[in-house]
Amino acid sequence: MPYLAGIFIYPIKSLDAVSVTQVTVLASGALEQDREFAIIDAKGRFVNGKNNAKVHLLRSTWDAAANTVSLQIQGQVEKRTFHLEQESRELQAWLSDFFGLTVQITRNSLTGFPDDPIASGPTIISTATLETVASWFPGISVDEMRLRLRANLEIGGVPPFWEDRLFANPEEVVRFQIGEVLLEGINPCQRCIVPTRSSRTGESYPNFQKVFSQKRRETLPSWVNSSRFNHFYRLSVNTKVPSSEAGKILHIGDEIKCLSTEHIS
């Protein structure tokens, strides 16, 4: 029986995940506190793992109750804790010094800062998929692969690539339910440069994208709509959530049910 085995939010876009046992769905379809904050440069561009490998060297610890974030440079002992409102200038100065450029922290508590604004719901992957993909790369553990792929929701009790059933044709959505929350699967997520690098050091894994694409093609389930793969560097599923689901809560252990495939009007 498919069930929700993990919930991960990323309070500051591109920094470390926080594992939680439940999370509220916002009116936008985003998960509460997921990518609520982002680091931007002087031109308003995101400072993230796609364009700045130094992001991988930052360890972050989030304390929602205290409204603080603690930052530590990988391999160093010193840790600095900042209140996100009262010490925002100090936080921005510390980050600017670390990156070697002027940056700011920006916030959007309504929608967060999703990678895909069209499919702004949580990204979904199965535990078995993570285990299989990690096996393609000697030296990369399942935990490390989880850190590289940065999905929000992890499904247990299913075989590898089960989540590929959560998308259909380009003009369709797959409606499914996790607990009491209705979601719509949109498309297989196009991966970027981030999974090719160590989540801790930023070091690139040789030929990662080439090996990944080859193995993904070889293991693509026969029932999958292969036309959704203009290339095979795609994994996990992007979703959106109807506004009717605002305020509902996802819990670890929630049962997952596929409902229907519907044409987008």
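Predicted model: local features only at pLDDT ≥ 70, side-chain atom pairs only at ≥ 80, totals over all residues.

Q: Why is L220 called buried?
A: Buried means under 20% relative accessible area, exposed means over 50%, and partly exposed is in between (1.4 Å probe, protein chains only). L220 has 16% relative accessibility, so L220 counts as buried.

Q: Where is L220, and what does L220 touch?
A: L220 sits in the loop between α4 (208-219) and β13; helices (H or I, at least four residues) and strands (E, at least two) are DSSP runs, numbered from the N terminus. Contact means heavy atoms within 4.5 Å. Not counting residues up to four places away in sequence, L220 touches D164, S226, F229 and F232.

Q: How far is L220 from D34?
A: C-alpha to C-alpha, L220 and D34 are 30 Å apart in space, and they are 186 residues apart in sequence.

Q: How do you know how many disulfides there are?
A: A disulfide is a pair of cysteine sulfur atoms within 2.5 Å, and by this rule the count comes to zero. Take C189: the nearest cysteine sulfur, that of C192, is 8.0 Å away, and C189 is in no disulfide. C258 is in no disulfide either, with the nearest cysteine sulfur, that of C189, 19 Å away.

Q: What makes the span of helix α1 agree with its number of residues?
A: The expected span of a helix is 1.5 Å times one less than its number of residues. Helix α1 (residues 88-99) has twelve residues and should span 16 Å; its end C-alpha atoms are 16 Å apart, so the two agree.

Q: Which residues of α1 are buried, and what covers them?
A: The buried ones in α1 are L91, Q92, W94, L95, S96, F98 and F99. Their cover includes β4 (37-41), β5, β6 (68-73), β7 (79-83) and β8 (103-107). After α1 comes G100, with a positive phi near 75 degrees.

Q: And what do the buried residues of α2 pack against?
A: In helix α2 (residues 127-135), T127, A128, T129, L130, V133 and A134 are buried. They pack against β1 (3-9), β9 (124-126), α3, β10, α4 and β13.

Q: What makes something a pocket and not a cavity?
A: On a 1 Å grid over the protein atoms alone, a cavity is a set of points where a 1.4 Å probe fits but cannot get out, whereas a pocket is an open set with protein on both sides within 12 Å along at least five of seven lines; lining residues have an atom within 4 Å of a point. A volume is the space filled by probe spheres set on the points, with grid points joined across faces, edges and corners.

Q: What is the volume of the largest pocket, and which residues are closest to its centre?
A: The largest pocket has a volume of about 810 Å³. Of the 42 residues that line the largest pocket, R35, D115, L149, R150 and R191 are the closest to its centre. α3 gives the largest share of that lining, three residues.

Q: How many cavities are there, and what lines the largest?
A: The count is one cavity of 30 Å³ or more. The largest cavity holds about 50 Å³ of space, and its lining is P11, I12, L15, D16, V18, S60, T61, W62 and V69. Strand β5 (residues 58-63) gives the most to that lining, with three residues.

Q: Why is S60 called buried?
A: S60 lies in strand β5 and has 14% relative accessibility, so S60 counts as buried. Not counting residues up to four places away in sequence, S60 touches L15, D16, V69, S70 and L71.

Notes. Residues numbered from 1 in each chain as written. Heavy atoms only, no water.
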